[in-house]
Amino acid sequence: MAVPDSLTLFTGLGLSENKARETLKNTALSTQLREAATQAHQTLGSTIDKATGTLLYGLASRLKDSQRLSFLVNYIASKKIHTELQLSAALEYVRSHPLDPIDTVDFEQECGVGVIVTPEQIEEAVEVTINKHRSQLLAERYRFNMGLLMGEARAALKWADGKMIKNEVDMQVLHLLGPKVEADLEKKPKVAKTRPEETDRRKAKDVENGEAVGQTLSLMEQLRGEALKFHKPGENYKTPGYVTTPHTMDLLKQHLEITGGQVRTRFPPEPNGILHIGHAKAINFNFGYAKANNGICFLRFDDTNPEKEEAKFFTAISDMVTWLGYTPYKVTYASDYFDQLYAWAVELIHRGQAYVCHQRGEELKGHNPLPSPWRDRPIEESLLLFEAMRKGKFSEGEATLRMKLVMEDGKMDPVAYRVKYTPHHRTGDKWCIYPTYDYTHCLCDSIEHITHSLCTKEFQARRSSYFWLCNALDVYCPVQWEYGRLNLHYAVVSKRKILQLVATGAVRDWDDPRLFTLTALRRRGFPPEAINNFCARVGVTVAQTTMEPHLLEACVREVLNDTAPRAMAVLEPLKVVITNFPAVQPLNIQVPNFPADETKGFHQVPFAPTVFIERTDFKEEPEPGYKRLTWGQPVGLRHTGYVIELQHVVKGASGCVECLEVTCRRADAGEKPKAFIHWVSQPLPCEIRLYERLFQHKNPEDPSEVPGGFLSDVNPASLQVVKTALVDCSVALAKPFDKFQFERLGYFSVDPDSCTGQLVFNRTVTLKEDPGKV
């Protein structure tokens, strides 16, 4: 019999010519389908029915392990697997049982091979289901969700033919209800969905035991949901793309004995910079996933590059993890494992999987670097040279240890060790060779028996080296999962670029409140709960996410509205003298900390004959619609119960208004004023810093949007310092990072620059979102 060409072979399976041609464009799929069809023809002859052809196509397109192709084709061609449901079960079985031999008895039982479901069984199962919902069916008739009946009947008869179940459901429903009438054709009225999370979100705003309570509970729910997609501990081999070896199952068994089936994650920052908003998502994901699944999370510092590491970064990173509300199970360092990592590097050479190379760094850069001429050097030679590297016999850049593999991005033989004559912050001068990320990361995960190595999408290209290295050394291999990183518009988070901003004076330091580092956000007054809530709203996605800053600010307002007590402050003070003040001594005014909930207490402020108001709350010549203080238009003073009315304007030599003289009356003694304004009396001087966006364009790093580079896009009006502001005395004992809502002005936080007698406040966010910034 002549061998048909691929197009004829594929159309012979029931594929349309267009579908067959599209399939041929996919080399991997077409190769697998060709093999499947050829084997099936050997059993079935020259003709394959369309149902079998559909199953063969489904098998070829979904099977990950090509070694199982022949095994499964045999079951399809012999009609032992003859439904889509059976095929799905078979694919799941071989995915979860990667090692030979397959237990055919267990396989056939799990895939319903030989199971016969009779029409009588289908009839009985449908009858039971309909009787269960009989009263609701009679009430809703044909507007009832018939899919529910189908689902329950199929659950009772796992291997039954779906079409037969549907026909039986249709027939029995018709027998019960009779033919459709006009009323049955009307659409079922929609029921408004309740949103319980809105209630739950406001129940609490604290972070307890590593879990952000309240709104961030939704993140915990999301991560519990992700557990349905993620493998269970010890079932790493069920993950698509996971590479198994003859040792895999024994290593997983040992892993489970050590961990007890516990979920283990880690947050592994490099201590060479400050964490930013993207790291907040990583912290929430790693710690949150472990917490949601009753597991543990390590904080592991990847301290493999002593040239760039500083003690302040270790401290700042640890502080930020704690600030966000999480407590690591254990704080570890890659340097904890330097001895073991070195021993494994020697073993890798022994196994012929690594070699010492003398290509310089510049020779390894670019997309197509030349292959190493030392790739095939003798094992004994590489062992001697690697020992010489450790003993300091080579200068920096003169020798590296490279692994023999090709990564997803085409990078060949990544470096495992390089020479660096820099003392290490923990190991001192013990080492002059240090491991790279590609070598260190997966092995540290293995040592700590991490179950889910969660990292951002840019590390996907390193997944192959991750699996390869663990398997090359026959050690436990965790699973690397990638997710999309979180970015913000109008922001720069690169360490290198933040250093440039600091060096040019555009910002003060890493914690400048205009940046989106976590230390900067804390200094600006962003509560950790708000950042966690924001991460929860963004969710865990595979695609990279770039969000608008105002969405983060909305989360900040929600938290501060419930947690920041009210006070009054004046940015541009205008002196007001009340000529008929109703008391000899200043009055003590009780001001609610939270006007919407007076059960949260009050604070006291003095009300004296001299008060200060915002200069913008007075106009001699107001525009139409102006509602604040002017001639013939009195205003109320918030919380006092008094209304003031203008009597005289005092101006200086330059014509600038210096003082207002007013009279006052009880608010209930006349017409209600159009507005109530804030004020201070016997106030404290303070400095207030008002922040706007640091950059003028959404994407300051995009050359098409900002041709001159991000430094040219810095907003010159991003910081306004008000040195002559006044605040009421209720905040006199405030400490750095205490937060307040200054009535009518916004939310503010005490800056660490504050000192005795001189408070400094940062404006965190305005009271309402500025539509011009959306």
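Modeller: A quick definition first: a residue is buried under 20% relative accessible area, exposed over 50%, and partly exposed in between. Bear in mind that this is a predicted model.

Biologist: Okay, D738 then: which class does it fall into, buried, exposed or partly exposed?

Modeller: Its relative accessible area is 24%. Buried needs under 20% and exposed needs over 50%, so D738 has to be partly exposed.

Biologist: And which residue does D738 form a salt bridge with?

Modeller: The cut-off is 4 Å between a Lys or Arg side-chain nitrogen and an Asp or Glu carboxyl oxygen. For D738 the closest N and O atoms are 3.8 Å apart. The partner counts as exposed, at 51% relative accessibility, and it's K735.

Biologist: How far apart in sequence are the parts that E701 and K497 tie together?

Modeller: Those two form a salt bridge, with the closest N and O atoms 2.7 Å apart. E701 sits in the loop between β24 and β25, while K497 belongs to helix α21, so the pair ties together parts whose separation in sequence is 204 residues.

Biologist: Now the E687 salt bridge: which strand holds its partner, K723?

Modeller: The E687 and K723 side chains meet at 3.3 Å, N to O. They link distant parts of the chain, 36 residues apart: E687 is in strand β24, and K723 is in strand β25.

Biologist: What is the relative accessible area of K723?

Modeller: E687 counts as buried, at 11%. K723 is exposed, which takes over 50%, and its value is 60%.

Biologist: What's phi near for R744?

Modeller: R744 is partly exposed, at 33%, in the loop between β26 and β27. Most residues other than glycine have a negative phi. R744 has a positive one, near 75 degrees.

Methods
Residues numbered from 1 in each chain as written. Predicted model: local features only at pLDDT ≥ 70, side-chain atom pairs only at ≥ 80, totals over all residues. Heavy atoms only, no water. Helix = DSSP H or I, 4+ residues; strand = E, 2+ residues; numbered from the N terminus. Buried < 20%, exposed > 50% of the residue type's maximum accessible area, 1.4 Å probe, protein only.
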